[in-house]
Amino acid sequence: SGSLGARGRARATCVQSAGSILAMASSSSSACRVRCRALVALVLSSQVVQQLGQESWMSINWEALKARPVLELVLPGSHNSGNTADLGNGQTCESDYRYQEYQRAVSGQHVMDRAEFDSHFLPWNINHEHAISGQLFRGVRFFHLKVCNFNAPGSSSVDLGKVFHQHRGYTVTASLKSMLAEMHEFLNHHSREILVLGFMNLHWNARDGGSAADVWALAEAVEEFFRAADLGFITGPDLASTPLEQLIAGNRRVAIFFPDRGGGLPAGAISANLFLREAWDDSMASGDLAGAKLWLAQEMTVSATGQFHVLQANPNDAESRMYRRIESSGEPKSLRAWLDAFLRGLEELVFDVVSQHPGLVKFNAVSSDLLDTSRTYEIAMRLMGLPPRPQGELPTGSSNSACLNPAVLSGAFEDVPVDVSRYSIRTAHVMQRHCDRWIYKHDNIESQCWPRQQNSSKESSPLAAAECAQMPQANGHLKTVWQQFPPATDPYAVPGQGVCQVHDATPQATVQGRAHAYRWGEILRKRYVPALVPWTCPNGTVALYADKVHKNEVTAQSEYEAICSRLPSAAEFSAEATLVGYMPGQQKGTPWYIQSAKCGGPELDRQLRTADDAKLESKWWTGTVSQTSAEVAKAVGRAPPATPESAALLDSVIDCVVVHACTGLDNTPADFLDGGLPSVKAGSLYDRMNRDETRARTWPLSYWRDSTDLKLYLDFASRYYGYFFAVLSDQLRAAVAGTPGAPKLTIAVMSDSNISPLLFMYGLEEEAKRRPPYLSALVHEVYEDMSEHRLVVRVVFNGKVLRVCSGETSFPFCPLEEWAAFVEQFVPSRQVCPALYDGYEFLAGVPGEQAPLVLSASAAVPLPGKPPASAEAFFTSFATATVVACSALVGMIVLFLSRSRTGNTEQVCQRRRVHHACE
């Protein structure tokens, strides 16, 4: 259809299901995508899609799937589903542990002790980067569960809290009970999805376990778990005959396969002997990947009539070869590295066989490892003829920098790569904005963006309703790891209730936002794991902080899950130590210092009033801002606001435009858009609105910077947010020094209003001109320059490496002491900000009293394969260190003198970049 006016004809001629619309939307121009999203809302107005994304692919494609039985589906699957980076943190399953086998294999040679063996062998047993919950949200519906039962053999009842996923003896900390609870919660929120569980690789810690009675008891415990959750079971005969629609109507949504070892099985379990084909061949375990491909090609064409056919596309190297490789320190050193090329070619392999044998390739689940690489979801969708990326919300790749951090859009963390042969990462700190969300309550516009706005009621926008409704809840309360939020209404849906919740004027996160946060977490994982943080994320290596609201907490936990393959626990990350504002005042052990204006008092209030009065009298405010607000008011059908309220209108409308357009709602006024998205063209109405509103936020900083005395600016900046630099410098120094309690990676999830002041204080006015979009991130990294034996800082904002130090050679890396001297000028004294000194525990020394940071002895150890440093190299390094130390001392003296000066410093300071002032 060329226009929404022809929606009736389009509905009749080209729109038969949600899936067809979404497929069209994913392959069309941006303008067409906007129209298609409107058609989605039209067609689905009587049937709200449960969730728009991979996590709800059955719901999205319901019309195409509802008449099919299970044996006419192809499910995305995961092999050894529970084997994440957490593997090895649990108990040892002695009956499957391979250390003795390793000892026999290398008899007569040097034999590692258990701890050393485990450290080398564990990477060969980790199959996934995502935990069960992450796999569910990636569309996985078949789970291959290899468990170890620590209950006593012969017990008639099994405690699922004592059963753990395992591989070659290594277990995870999460029990089978907790994994099944994740699955139950997922099904509870996704009413048209089913799961198939395969318990085919069963182990008992005791070597005499595994009798027919033991299998029965374990199957019965699993059955009882789901029965207690009011979920029914798919039976063996159902697989071939009962359509999906009938299974869902009867709430029969779980199929559980167990081997029958002669004692029969409980009624809820399906006999794998009769109804499952999950074949395996010696070539798959030999290390012969070419032979594995040949066998898989044959297996794809096997006719398994009446059986659920699983294609196990997960070869592994022979264990004897693994042992030899470990002993010789050979490459590769992990399953991930060994299997990467095979997994990347799996999709091509499958469809080559499909093209060679049309109509003969029939299996019901494709099960493999490392799902982001093997793409089992995409393979399954293609085999069923379904859109591989059924998304109703705006696809990430079709968004823009007004909506989302450009690094998240591109997947590229940086524009200037690091030479890892020279620079070794030592610590990183991420200050970032939260993920996508619903709209704030704005009283100045009576929570009405524009006439006939879409809201989150199902009648108004099924898309918005689904985006909010499917966030995790408990008894109607939105929940995170740390809090539950009581039900609240959507003020934009008045007089109706709406689905999106706004708590004390602050909106909830959305499904799209959570997906984007996870994507950013994956980028951080690739950046810092395992280079900085081990795969297992041991306690204390990662620090999390978040403003105590739903959108920020969801962002923090989603990113942590992407990085560490598990959700953060409230035991490790207590609400008191993690959530900003959770505890009153400025107490030690709480992250109060991450919020701005916490060293306030009467003097800061006076400074802010002075700046605000000057703003309202400025020509910029009475001219430019007033004109922009008048144009914006006209575009949204309002009268121009009173001059003092100009920025408030801009703030509210920016919020409305971003949430509507960036989520995929289609009724945003065209004045603000370019191709259906907020316009990023210089001079456009949206761009001018964005720049004027952002400048209003940073006005106090620019006002005092442009005053006649630099000391006034530094005093204001130190009170307003300079104390954060004191904490940042302390934490980076402490992490590099290996101080106990100093994390290697810190993630603080706050707001755009926390990032813009920091950019401004760095003198980065171009970057500070516009509101940082969702998930914007200001990243500080410390590296060891191994060629010069010194520490350097790198600052990255939204994928762009920034120049923050003025030295000619201080980009892209700035010497740590040069950076520290720069930020120190913003650190308030004890007299100005007693809260900083009384309410924060400095780890590397109180500002002004810190000892020079010396590289630890371990940092000076020659790299493997490198000869010891010569005497000449030693004295060169010593001389370099002396110069750096002396330069830092001179800088401190100059800084002291500059702070001691009175009067006009305009002649010696370039006020727009304060760090040039004392060159």
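A residue is called buried when its relative accessible area is under 20%, exposed when it is over 50%, and partly exposed in between (1.4 Å probe, protein chains only). The structure described here is a predicted model, in which local features need pLDDT of at least 70 and side-chain atom pairs count only at pLDDT 80 or more, while totals for chains, interfaces and linings use all residues. Residues are numbered from 1 along each chain as its sequence is written, and side-chain values use heavy atoms, with hydrogens and water left out.

Helices (H or I, at least four residues) and strands (E, at least two) are DSSP runs, numbered from the N terminus. Eight of the eight residues of S2 are buried, so this strand is largely enclosed by the rest of the structure. On one side of S2 the buried residues are Phe-142, His-144, Lys-146 and Cys-148, and on the other they are Phe-143, Leu-145, Val-147 and Asn-149.

S2 also has several strand partners, where two strands pair if DSSP finds at least two bridges between them. With strand S1 (residues 75-78), S2 pairs in the parallel sense over two bridges, and Gly-77 has Phe-142 of S2 as its bridge partner. S2 and strand S5 (residues 195-204) run parallel and are joined by seven bridges; here Cys-148 stands opposite His-203. The pairing of S2 with strand S3 (residues 163-167) is antiparallel and comprises three bridges, with Phe-164 in S3 as the bridge partner of Cys-148.

Salt bridges were identified as a side-chain nitrogen of Lys or Arg within 4 Å of a carboxyl oxygen of Asp or Glu. A search of the whole structure finds 52 of them. In one of these, the closest N and O atoms of Arg-794 and Glu-414 are 2.5 Å apart. Arg-794 belongs to strand S24 (residues 790-797) and Glu-414 to the loop between helix H20 (406-410) and strand S12 (423-433), so the pair ties together parts that are 380 residues apart in sequence. Arg-794 also meets Glu-781 in a salt bridge of 3.0 Å, N to O. Because Glu-781 lies in strand S23 (residues 777-785) and Arg-794 in S24, this pair ties together parts that are 13 residues apart in sequence. Both Glu-781 and Arg-794 are buried, the latter at 1% relative accessibility.

A further salt bridge joins Lys-681 to Asp-674, with the closest N and O atoms 3.7 Å apart. Asp-674 is partly exposed, at 36% relative accessibility.
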